[in-house]
Amino acid sequence: MFAQVGRLARCAGLDDGALLQTLDRHAMALSNRERVILEAVVEIAGSAANRSGDAPGLATDLVELACAVIADPAVGALRDGGTKIGTPLRRVLSAKTVHTLRELGLYEDAEGVQPVWPHAGMLILNPVLGCSYGCAYCFRAQEQHESVDWFLAGRPTQVVDEEEIIERLARHPAFVPGGTQLGLHTATTEPFLPQVRESTFRLLELLEERAWGNDVMIITKYFLREQDIARLASFTAFQILLFLTHNAAPAEMETMSAAPGFTEKKRRSAELLAGHPRLAAAHYYRPIVPGWNDSDEQIADALTFGEPLGVTVIGGLKEVPNLAEISRKRGLSLPVVEPDSDDEKHFPPELVDRIVGIHARLGLTSTLVGDQSCGLTTMLTRLKGSAVPNVEATRMYDAATGRRPKCMGLCPPEQLSACGRPPVPDRESVESSLTRLGISAHFRITGDGIYLRSESRPEKWRTESLAAQLRFAVFWEPGEKRAAESS
Ligand code: SF4
């Protein structure tokens, strides 16, 4: 009944004959329909598993998943009643199977995204997998390439309930109540798709109940209806920091945003937000890709969109798997990306200059910044009424490393000064953050950063979280452990 399970068994540290036997035994107790679903789940798991782990209960987990899918009334609507599995149901099965494998340690995407995911010093909450927005540059495209057909043309599927996500958040070592910035749905779906919207609001309701007070970032390419904005404005226990995305993308680049009337609805969202000063909002203008959406007209369109929001975050395209294949399929030119780089986005200086020039020529007054952290910082500064240092110490890293600057230097002088000289944290704060984040290292504090010293490099998410908690640059140097020093 079950196709090849050899690869899946090897990934799970199991004997393939024994796995088959267990699956067959379970299958005998299932209805015909449940067996068909289980067969599909096992097949999807076999192609998706990409990590080795110890998963003795794999067969039981997959059987439980198949039975839960059948029992779910939302999924029941997708059943055709026969033995064939249609595309919508298959996508749901794929999302749920990928999630189950990830929980068992048998699957990881290229970015290592988790339901509560530490990224860029924040914690991103991801209870849903799958998206129907259709971005050619989607960094989750790899899953589709590997025949796990749930993402690009996908169907948003709930894989963890919101209550469980909030419980996991509370237990996460990077979580500091009232401190760590949170993000909703930024790595696995689009937070205001009609199928995802209620999940976004449920997360916000649960955060309101907990009253921890952590800032919540939401990035959306969708439009916000009047009632969405009223609901967002009703939360008082934390600050919402909204990024509205508009990048003048053609339909080949972003299927949904090019629909007739869609941009007008987004413009209306931006206007409505102006009536809610407590809801901080900024314009997200990325990715800007040479040959895709960088004509002078497209740049003018996008910059004009951002003007009422006061801040526009610009940025280029990051390397994603299968970009060449997807570009070809969609009839887009092959974009240039930065080779051999994890973080760098391709954003040629001539393009940046052209954007700045068009901004000036149009007489726009919004502030142009070049990093998400700068967008967050400027929103916080506006809310506080005085300049707060960059949430990721971006300007400090520019100065200390000599890298291509992420700070565009176009902020008002007080902001430039706050970001250039953030307050130096004291030893006690550093020590308690290190303990909380499970980093075992000696350290010294200088005017340009905290230097950790340990035999092995701490994981990136830990040092990023440390920098975000302290709003100060953090560096690591290899070395023998020796007495801590400070200056
Ligand atoms: S001054 Fe520079 S680092 Fe600070 S928010 Fe503005 S652009 Fe970002």
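This is a predicted model: local features need pLDDT of at least 70, side-chain atom pairs count only at pLDDT 80 or more; totals for chains, interfaces and linings use all residues.

**Entry 1**

Residues are numbered from 1 along each chain as its sequence is written, and side-chain values use heavy atoms, with hydrogens and water left out.

Helices (H or I, at least four residues) and strands (E, at least two) are DSSP runs, numbered from the N terminus. Axes are lines fitted to C-alpha atoms, for helices over the stretch in contact, and angles run from 0 to 180 degrees between N-to-C directions.

I listed the contact (heavy atoms within 4.5 Å): Leu19, Thr22, Leu23 and His26 of helix 2 meet Leu58, Ala59, Thr60 and Val63 of helix 4.

**Entry 2: helices 3 and 6**

I found helix 3 (residues 32-48) and helix 6 (residues 87-103) packed at about 55°, with axes 9 Å apart. That angle makes helix 3 oblique to helix 6; angles under 35 degrees count as roughly parallel, over 145 as roughly antiparallel, 65 to 115 as roughly perpendicular and the rest as oblique. Helix 3 passes helix 6 in a right-handed crossing. Among the residues in contact are Ile37, Val41 and Ile44 of helix 3 and Leu93, Val98 and Leu101 of helix 6.

**Entry 3: cysteines**

How many disulfides does the whole structure hold? My search returned zero, a disulfide being a pair of cysteine sulfur atoms within 2.5 Å. For Cys138, the nearest cysteine sulfur is that of Cys135, 6.6 Å away. Cys138 counts as buried because its relative accessibility is 12%; buried means under 20% relative accessible area, exposed over 50%, and partly exposed in between (1.4 Å probe, protein chains only). Cys374, at 10%, also counts as buried.

**Entry 4: helix 16**

In helix 16 (residues 394-401), I noted Thr394, Met396, Tyr397 and Asp398 as buried. The buried residues of helix 16 pack against helix 15 (372-384), helix 17 (413-420), strand 14 (449-454), helix 19 (460-470) and strand 15 (474-478). Gly402 follows helix 16 and has a positive phi, near 70°.

Methods: A crossing is left-handed if the near helix is turned anticlockwise from the far one by less than a right angle, and right-handed if clockwise.
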